[in-house]
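My notes follow in the order I made them.

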Amino acid sequence: MDCLFCKIIVGEIPSEKIYEDDDMYAFKDIDPQAPVHFLVIPKKHIQDADALTEEEDALIGRIFRKAGELAKELGCDKGYRIVNNCKEDGGQTVNHLHFHILGQRSLQWPPG
Ligand code: AMP
Ligand code: ZN
């Protein structure tokens, strides 16, 4: 399968790893939008949020909790943002489900 993030998971494309376990992989975003900006992805290829099924409920819960844990380890004790872009209007450019974690700056709301 020609998927950038699947290639990152297996090490075919280099990345700056932050965390890995059997089910998920976390790495720094190549084009950071905040002093802390990393991505957490399931190792299983899932296209986007719309492709999720009941089977992934526990996995997504674990990813969310781990995302917060990692954000705090990286110094985001004043807060952070978890973002998922879904499909074209959501601004998704890589079609492998991923959560952005941004922090260590004051983020605006609503986003553009
Ligand atoms: P999205 O626009 O939500 O699909 O986010 C895709 C993200 O992947 C963007 O923030 C990119 O900067 C990031 N990205 C693309 N290629 C790489 C890469 N090789 N390593 C790390 N992050 C990447
Ligand atoms: Zn993939």
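**Entry 1: the metal site**

I began with the donors of the zinc ion (ligand 2), and along the chain they follow the spacing C-x2-C-x38-H-x50-H. I kept in mind that this is a predicted model.

Which atoms hold the zinc ion (ligand 2)? I found SG of Cys3, SG of Cys6, ND1 of His45 and ND1 of His96. They coordinate the ion at 2.0 to 2.3 Å.

Next I looked up the angles. Among the 4 donor atoms they are 105 to 115 degrees, and the site is tetrahedral.

Are cysteine 3 and cysteine 6 buried or exposed? I noted that both are buried.

**Entry 2: the sheet**

I then turned to the strands. Strands of a sheet pair through backbone hydrogen bonds, either parallel or antiparallel. Here I found an open sheet of 5 strands with antiparallel pairing. I wrote down the order as S1-S2-S3-S5-S4.

Which strands stand at the edges? They are S1 (17–20) and S4 (80–83). Each has a single partner strand, so one side of each is left without a neighbour in the sheet. I also noted the twist, which averages 20 degrees from one strand to the next.

I picked one pair to follow. S2 (residues 24–28) and S3 (residues 36–42) pair in the antiparallel sense over 5 bridges. Alanine 26 stands opposite valine 40 in S3.

**Entry 3: the helix on the sheet**

What packs on the sheet? I found helix H2 (residues 57–73) there. Helix H2 touches S1, S2, S3, S4 and S5 (99–103). The direction of H2 makes about 160 degrees with that of S3.

Definitions and conventions: Residues are numbered from 1 along each chain as its sequence is written. Chains are lettered from A and ligands numbered from 1 in the order in which they are written. This is a predicted model: local features need pLDDT of at least 70, side-chain atom pairs count only at pLDDT 80 or more; totals for chains, interfaces and linings use all residues. Side-chain values use heavy atoms; hydrogens and water are left out. Donors are N, O and S atoms within 2.8 Å of the metal (3.2 Å for Na, K and Ca); water is not among the atoms, so sites may look incomplete. Four donors count as tetrahedral if all angles lie between 85 and 135 degrees; four count as square planar and six as octahedral if opposite donors are over 155 degrees apart and all others between 65 and 115; anything else is irregular. Buried means under 20% relative accessible area, exposed over 50%, partly exposed in between (1.4 Å probe, protein chains only). Two strands pair if DSSP finds at least two bridges between them. Helices (H or I, at least four residues) and strands (E, at least two) are DSSP runs, numbered from the N terminus. Axes are lines fitted to C-alpha atoms, for helices over the stretch in contact, and angles run from 0 to 180 degrees between N-to-C directions. Contact means heavy atoms within 4.5 Å.
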